[in-house]
Amino acid sequence: LSSSNFFAARVQSISSDLTALDNEMRQEIKSNIAELNQLATSLSLVNRQLGKNTKQSLQPPAILDQRDHLMHEMSKLAKLDFTFDVAGRVDVKLAGASDSTTFVKTNESKSLSAVFPTKPGSPIAIMFEPYGANINVGSLKGGAIGGLLSFRDDVFEPLRDDIDALVSSLATSVNTVHSGGMDQNDETGQNLFNLAATYRATNGDGTDYAGVTVTARDNTVEAVASFT
């Protein structure tokens with residue numbers, strides 16, 4: 001029993017650590033995308049200043065330096081495609097994405113956002129909002145954001161799945177042996193580990209939402225809201 005309690009405690013501790021890491025990655029992705037959106041807004045303002053001249057050779061060097069600095073900072077966050085016009089203004093879209101999802105277009109900028117899946121293991125959707133209608137631009141590559149998405153999809157989620165499978169297999173094997181034994185009431189068929197599914201409600205950032213109680217009935221999930 002002591003070994004079993006220790007095993008259960010370690011599994012719960014690992015689960016808590018993975019949940020904390022997942023929440024940390026979510027916040028970092030949101031923060032980096034917000035920074036990318038801010039840089040895009042600043043670049044559109046620089047484009048507006050560059051629009052006062054018809055040729056790049058006539059542009060003030062300080063404004064061109066500011067443009068290049070913003071492009072450099074944006075490239076740290078994601079792999080991007082830049083397109084210049086004769087005045088030196090720059091359009092920006094995610095590398096490999098459709099031209100219809102250009103999020104810096106001359107004097108205007110649109111926002112990108114991350115939509116996190118409700119089902120564990122599913123990919124994060126990067127959404128483009130041209131006119132308030134979300135368009136999934138697919139995967140985002142390169143930079144800090146692309147690195148986080150790649151780590152989550154290629155390392156973190158497979159690791160979490162492997163741990164789930166390992167724990168489930170081990171607990172099921174122990175239950176199979178244990179259920180063949182007899183308890184103090186001369187009864188068999190008792191499991192050592194409880195593998196019944198449990199449910200919880202979370203906020204958008206992954207934290208628990210205390211205002212909802214979730215229960216399972218007849219293989220369906222039922223959420224019961226309580227308000228105080």
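What percentage of the 228 residues in the chain do buried residues make up? In this predicted model, buried residues, meaning those under 20% relative accessible area with a 1.4 Å probe and protein chains only, make up 30% of the chain. Local features here need pLDDT of at least 70, side-chain atom pairs count only at pLDDT 80 or more, and totals for chains, interfaces and linings use all residues. Residues are numbered from 1 along each chain as its sequence is written, and side-chain values use heavy atoms, with hydrogens and water left out.

Let me start with the overall layout. The chain holds three helices and nine strands, where helices (H or I, at least four residues) and strands (E, at least two) are DSSP runs numbered from the N terminus, and their pattern along the sequence reads α-α-β-β-β-β-β-β-β-α-β-β. If we take contact to mean heavy atoms within 4.5 Å, then of the contacts in the chain with a separation of 6 or more, 47% come from residues 24 or more positions apart.

I turn now to helix H3, which runs over residues 143–178 and has 36 residues. From its first C-alpha to its last H3 reaches 51 Å, close to the 52 Å expected at 1.5 Å a residue, the expected span being 1.5 Å times one less than the number of residues.

How do H2 and H3 lie relative to each other? Their axes, which are lines fitted to C-alpha atoms over the stretch in contact, with angles from 0 to 180 degrees between N-to-C directions, come within 3 Å and cross at roughly 5°. The two helices are therefore roughly parallel, a term for angles under 35 degrees. Ser75, Lys76 and Leu77 of H2 make this contact with Gly143, Ala144, Ile145 and Gly146 of H3.

Leaving aside neighbours within four places in sequence, alanine 95 is in contact with Lys79, Leu80 and Asp81.

Methods
Parallel < 35°, antiparallel > 145°, perpendicular 65-115°, else oblique. Buried < 20%, exposed > 50% of the residue type's maximum accessible area, 1.4 Å probe, protein only.
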